Amino acid sequence: MAKFTRIEVAQKMKETGMIPVFFHKDLDVCKQVLKATYDGGARVFEFVNRGDFAHEVFGELIKWAATETPEMILGIGSVVDAPTTALYIQLGANFVVSPIMNPEMAKVCNRRKIAWSPGCGSLSEISQAEELGCEVVKIFPGQQVGGPEFVKAVKGPFPWSSIMPTGGVKPERENLTEWFNAGVHCVGMGSQLMIKDADGNFDLEAIKNKTNEALMIIAELRG
């Protein structure tokens with residue numbers, strides 16, 4: 001059962017401004033990366049439903065996180081259908097993110113009052129998602145659907161829309177400035193944040209520092 005309400009999820013997304021996005025088949029690696037971003041200041045984390053037995057890894061990770069990173073709001077991403085949505089909700093997912101707009105997922109999430117962020121690429125899809133109860137809409141792939149200029153254009157007729165781009169977001173001042181000046185609610189960040197060392201292993205200290213750096217830039221941009 002979810003530990004955080006859908007309202008708490010949306011508020012924390014807004015408050016911190018950045019959601020690390022990550023998958024690895026090794027549970028220990030997931031724990032280490034989750035803890036590194038937590039130590040860097042992240043409080044919302046999207047585990048990606050990608051790879052064999054991802055739900056088993058998630059089930060163990062969320063139980064571990066409840067003790068080791070108690071303030072972290074852990075959710076699931078890359079879910080594309082209602083049955084998988086239900087599976088992850090039963091495992092304790094606090095929010096569900098999708099690369100597509102599937103109304104059947106909305107029914108499952110709304111029934112359990114779980115935050116749902118579908119992937120949208122047009123004003124019509126954003127509007128439909130909001131009609132279905134979505135609080136924070138994902139645009140994906142963020143850069144390819146139009147980048148910050150797309151967000152700015154959407155916010156004209158839809159000033160009430162809360163938009164989270166994933167894809168094309170970098171932990172750099174210039175990039176973050178463009179997105180937040182356009183009016184995003186928060187941003188999702190994956191590979192750009194997950195730094196590896198020369199041996200190809202995740203550099204946990206670098207991930208922690210880069211997470212903190214990105215969050216500090218976002219806080220500064222918001223004044």
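Which residues line the second largest pocket? They are Met-1, Ala-2, Lys-3, Phe-4, Thr-5, Arg-6, Ile-89, Arg-112, Lys-113 and Ile-114. This is a predicted model, in which local features need pLDDT of at least 70 and side-chain atom pairs count only at pLDDT 80 or more, while totals for chains, interfaces and linings use all residues. Residues are numbered from 1 along each chain as its sequence is written, and side-chain values use heavy atoms, with hydrogens and water left out.

**Pockets**

- A pocket is an open set of points on a 1 Å grid over the protein atoms alone, where a 1.4 Å probe fits, with protein on both sides within 12 Å along at least five of seven lines; lining residues have an atom within 4 Å of a point.
- The largest pocket has a volume of about 420 Å³.
- Its lining comprises 21 residues, of which Val-21, Val-48, Arg-50, Gly-190 and Ser-191 are the closest to the centre.
- β1 (18-22), β2 (44-48) and β9 (187-189) each give two or more residues to this lining.
- Ten nonpolar, eight polar and three charged residues make up the lining of the largest pocket.
- The second largest pocket has a volume of about 150 Å³, and its lining has five nonpolar, one polar and four charged residues.

**Nonpolar cores**

- A nonpolar core joins buried (under 20% relative accessible area, 1.4 Å probe, protein chains only) Ala, Val, Leu, Ile, Met, Phe, Trp, Tyr and Cys residues through side-chain atoms within 4.5 Å.
- In the largest core, of 60 residues, Phe-47, Leu-74, Leu-176 and Val-187 touch the most other members.
- A second, separate core of 13 residues includes Met-13, Ile-19, Phe-95 and Ala-115.

Key: Buried means under 20% relative accessible area, exposed over 50%, partly exposed in between (1.4 Å probe, protein chains only). Grid points are joined across faces, edges and corners, and a volume is the space filled by probe spheres set on the points. Helices (H or I, at least four residues) and strands (E, at least two) are DSSP runs, numbered from the N terminus. Ala, Val, Leu, Ile, Met, Phe, Trp, Tyr, Cys and Pro count as nonpolar, Asp, Glu, Lys and Arg as charged, and the others, Gly among them, as polar.
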